[in-house]
Amino acid sequence: MTTTTHTEVEHDVDEDVSDVYPEDRAWVNECVQRIRGEFAPLGTSLREIPLPPKLAGLRLYLKRESEQPSGSHKHRLAAALLTHALASGRLTPGRPVIEASSGSTAISEAWYCERLGIDFHAVVPSGTAPEKLALITQYGGQVHPVDGDIVEEAKKLTTALDGHFMDQFTYAERAYDWRGEEGLAPELIRAVPDLAWFVMGAGTGGTATSVARYGRYTGRTLRVCVTDPDHSAFFRGWRDKNPAATDKGSHIEGIGRPRVEPSFLPPLVNRMIQVHDGASVAAMRFAAAANWDIVAGPSTGTGLFGAMRVLLGMHAAGQTGAVATVMCDSGDRYVNEYYNDAWLADKQIDHKPWMPTVERFFTTGDWTPPAAYEPTPKPATTMWNM
Ligand SMILES: Cc1ncc(COP(=O)(O)O)c(C=O)c1O
């Protein structure tokens with residue numbers, strides 16, 4: 001029998017350090033398991049939108065993310081961001097969470113934080129819909145409306161409160177699980193296996209990115225089109241391959257940013273369509289009146305208008321297949337804004353010239369934009385060649 005002799009290296013006891021980064025592991029584990037269990041985001045339903053006979057062979061779907069318990073697709077993001085921060089050791093017990101948000105993400109994060117016993121602070125643009133602010137406070141969050149840059153103000157508040165800055169505009173793309181079989185993309189593709197295009201506006205860009213990644217991961221040709229509102233920097237950042245592009249920032253709550261956010265990944269976007277604010281509101285209002293059970297917010301209108309353009313491009317190219325966009329949130333949050341003509345007039349958003357365009361599309365399949373607008377829908381091109 002051979003015996004092995006182990007030589008032990010003796011360390012100075014002072015070097016045997018532990019808990020340089022103390023965390024309450026039981027608390028972290030409990031939070032993560034509750035998010036994955038009783039508070040897991042729901043699967044949401046799909047609404048197929050009737051298309052005119054001219055567009056036979058094409059289908060259009062809206063995924064109703066407004067069915068999530070906190071009312072928007074941001075419910076999935078809040079779950080993902082909190083899980084990512086907890087599992088990464090960045091969110092530790094006793095510290096408040098701070099977020100910069102146009103409202104929807106903050107509502108969903110407030111919903112989760114209340115259930116997990118975490119103090120929550122939302123830094124929001126001063127013009128955010130009062131209905132959204134009321135929901136944040138209803139879920140126990142504190143609201144900090146600011147006129148300046150919400151991200152910079154959120155960082156200052158984080159320092160003042162010694163909190164954790166969730167930073168959705170940086171972390172959304174990496175927090176979303178894009179390989180798993182739970183989430184918006186797998187749900188959508190299970191229901192619509194021949195999905196050709198996913199169309200949506202970008203706030204963080206996280207939803208579009210997670211769908212694009214899942215498409216690549218599962219070996220599909222699924223393409224992603226991002227619809228961008230007036231005064232957003234995303235379109236020029238993508239078209240010109242210029243991550244430093246800036247603009248004033250958008251009027252369509254939740255989408256369109258004054259800069260190209262880190263979470264928006266241009267190479268994953270096959271096409272971008274600029275959508276005038278009037279067109280977004282026209283599509284939103286047409287949908288609300290159309291008996292489709294889609295009374296939604298304006299970012300849904302932007303996606304719906306873009307989906308019309310993509311369908312027209314597919315029709316022109318003789319293609320068949322399905323296009324999907326997202327019902328991001330419910331119109332209840334915007335009754336005093338985008339559903340209020342006086343508010344729209346004050347913001348100089350004119351949806352009236354666009355109403356016949358949307359109506360004719362859904363009744364005849366024809367494209368009849370207002371005179372001053374570009375006449376032909378662009379074919380479905382890919383600028384980043386992926
Ligand atoms: C109402 C609404 N629609 C759409 C979006 C865009 O989603 P994403 O952040 O995944 O790009 C947001 C994001 O804040 C939103 O609040």
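**Close-up views of the ligand and its pocket**

**View 1. Elements lining the largest pocket.** α3 (104-116), α4 (130-138), α6 (168-175), β7 and α8 each give at least two residues to the lining of the largest pocket. Helices (H or I, at least four residues) and strands (E, at least two) are DSSP runs, numbered from the N terminus. The model is predicted: local features need pLDDT of at least 70, side-chain atom pairs count only at pLDDT 80 or more, and totals for chains, interfaces and linings use all residues. Residues are numbered from 1 along each chain as its sequence is written, and side-chain values use heavy atoms, without hydrogens and water.

**View 2. The largest pocket.** Its volume is about 850 Å³. Of its 49 lining residues, S102, P125, S250, E253 and G254 are the closest to the centre. On a 1 Å grid over the protein atoms alone, a pocket is an open set of points where a 1.4 Å probe fits, with protein on both sides within 12 Å along at least five of seven lines; lining residues have an atom within 4 Å of a point. By class, the lining has 14 nonpolar, 24 polar and 11 charged residues.

View 3. A polar contact is a pair of N or O atoms within 3.5 Å. A polar side-chain atom of K74 is 2.5 Å from a ligand oxygen. For a side-chain N or O atom of H73, the distance to a ligand oxygen is 2.9 Å. G205 places a backbone N or O atom 2.8 Å from an oxygen atom of the ligand.

Terms used:
A polar contact is a pair of N or O atoms within 3.5 Å; within protein, one must be able to donate a hydrogen and the other to accept it, and residues adjacent in sequence count only if both atoms are side-chain atoms. Grid points are joined across faces, edges and corners, and a volume is the space filled by probe spheres set on the points. Ala, Val, Leu, Ile, Met, Phe, Trp, Tyr, Cys and Pro count as nonpolar, Asp, Glu, Lys and Arg as charged, and the others, Gly among them, as polar.
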